[in-house]
Amino acid sequence: MSESPCAKCERLLQLYLDGGLNEIEAREAENHLDDCGYCHRQYRFERAFREHLRKTLSEEPMSPELRIKLAALRSDVRPAGDP
Amino acid sequence: MSEQAPDTAGRELAEEARDRVRFEEEALSRADQVYQVARHLAGSKEEAEELMQETYARAFRSWRSYTPGTNMRAWLLRILTNLNIDRGRRKQRRPPERSLEEGDYSLYDRLEETTGAGSSEDEERLLNRLSQSDIVDALTALPHDFRDVLVLVDLGEFSYQETAQILSIPIGTVMSRLHRARRLLKQSLAGSLENER
Ligand SMILES: [Zn+2]
């Protein structure tokens, strides 16, 4: 039984986005993405999802207290006059 | 001539002190970026703050092992990841065995469904339906092994090869864990949409 091209594309999409496919597989995925509107939308979504994840998870800044604590861990070799 | 020896030694000491201060300043200037990764490698803000302090204490102690001009952020994150593993915080949650056959496409499908949008809906708008806390919770709920890989690759921006080295696992394991992590994350987010209905 042969697999539907969409199912195969779905399996390859992550690897494709991660640059983990060899040239032949990558071309195969690209051909399908060109032809299939559904997979192409999934591809665009997946790309946006990764970017969204990165942005969302980087929104919480370090607290000023932690910054002070880290600075206090420095050695005391500071040249005279340095804060 | 003989009085030159203490002079040279003095100069070397001064130079070393300068290098060290430079190192410390550079390490501190990366703290925000390192924290973003620490925050999601650790399970909570408190743990992340402890981890940051342990990391910087260790880094400042072993500053001589850093090669100037190389990637400081990566160097710090390597220390941090290993300390995090050493903390033995692995109350390992077993990954759900079921449902993994459900495809990668399901989150998008669910978002489209629940938004009642046509195919022209743009991705950003769909994604904005996922709240920050949904995303953070879904990530926190991932098994540690999976979370480590996802955070190092997607937030730490390490290559598979670097991630494999940091975690001391084969590169194939990095890839399979990464794919599983993304899939689990999306499934859990799709589930959170379900619950809202
Ligand atoms: Zn398709």
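Okay, let me start with a loop: Glu157(B) sits between H8 and helix H9 (160-167) of chain B. Before I go on, keep in mind that this is a predicted model. So what is the phi of Glu157(B)? It comes out near 55°, which is a positive value, and the residue is not a glycine. Is Glu157(B) buried or exposed? It's exposed, with a relative accessible area of 52%.

Ser168(B) is in the loop between H9 and H10 of chain B. Ser168(B) isn't a glycine either, and its phi is positive, at about 55°. This serine is exposed too, and its relative accessible area is 63%.

Now let's step back to the whole of chain B. The chain splits into domain 1, covering 5-86, and domain 2, covering 106-196. Where they touch, domain 1 of chain B puts in 15 residues and domain 2 of chain B puts in 13 residues.

How much area is buried there? Between the two domains of chain B we get about 1,100 Å², and carbon and sulfur atoms account for 63% of that. On the domain 1 side, three residues stand out: His40(B), Leu41(B) and Arg78(B) give 41% of the area that domain 1 of chain B buries against domain 2 of chain B, more than any other three residues.

If you're wondering about charge pairs, the count of salt bridges across this domain 1 to domain 2 interface of chain B is zero. What we do have between these domains of chain B is four residue pairs in polar contact, both partners at pLDDT 80 or more. On the side of domain 1 of chain B that touches domain 2 of chain B, helix H2 (31-41) and helix H4 (72-86) of chain B each bring at least two residues. H4(B) has the largest share of that side, with eight residues. By type, the domain 1 side of chain B that touches domain 2 of chain B has six nonpolar, six polar and three charged residues.

Next up, the contact with chain A. Here 48 residues come from chain B and 42 residues from chain A. The two chains bury about 4,300 Å² between them, with 60% of it on carbon and sulfur atoms. Tyr105(B), Tyr108(B) and Glu123(B) are the trio to look at: they supply 17% of the area chain B buries against chain A, more than any other three residues.

How many salt bridges cross the interface of chain B and chain A? Seven.

Several helices of chain B give two or more residues to the side that touches chain A, among them helix H1 (4-29), helix H3 (45-61), helix H5 (106-115) and helix H10 (171-196). That side of chain B divides into 24 nonpolar, eight polar and 16 charged residues.

Notes:
Residues are numbered from 1 along each chain as its sequence is written. Chains are lettered from A and ligands numbered from 1 in the order in which they are written. This is a predicted model: local features need pLDDT of at least 70, side-chain atom pairs count only at pLDDT 80 or more; totals for chains, interfaces and linings use all residues. Side-chain values use heavy atoms; hydrogens and water are left out. Domain bounds come from an automatic or database domain assignment. Contact means heavy atoms within 4.5 Å. Buried area is the accessible area (1.4 Å probe) that two parts lose on being put together, summed over both. A salt bridge is a side-chain nitrogen of Lys or Arg within 4 Å of a carboxyl oxygen of Asp or Glu. A polar contact is a pair of N or O atoms within 3.5 Å; within protein, one must be able to donate a hydrogen and the other to accept it, and residues adjacent in sequence count only if both atoms are side-chain atoms. Helices (H or I, at least four residues) and strands (E, at least two) are DSSP runs, numbered from the N terminus. Ala, Val, Leu, Ile, Met, Phe, Trp, Tyr, Cys and Pro count as nonpolar, Asp, Glu, Lys and Arg as charged, and the others, Gly among them, as polar. Buried means under 20% relative accessible area, exposed over 50%, partly exposed in between (1.4 Å probe, protein chains only).
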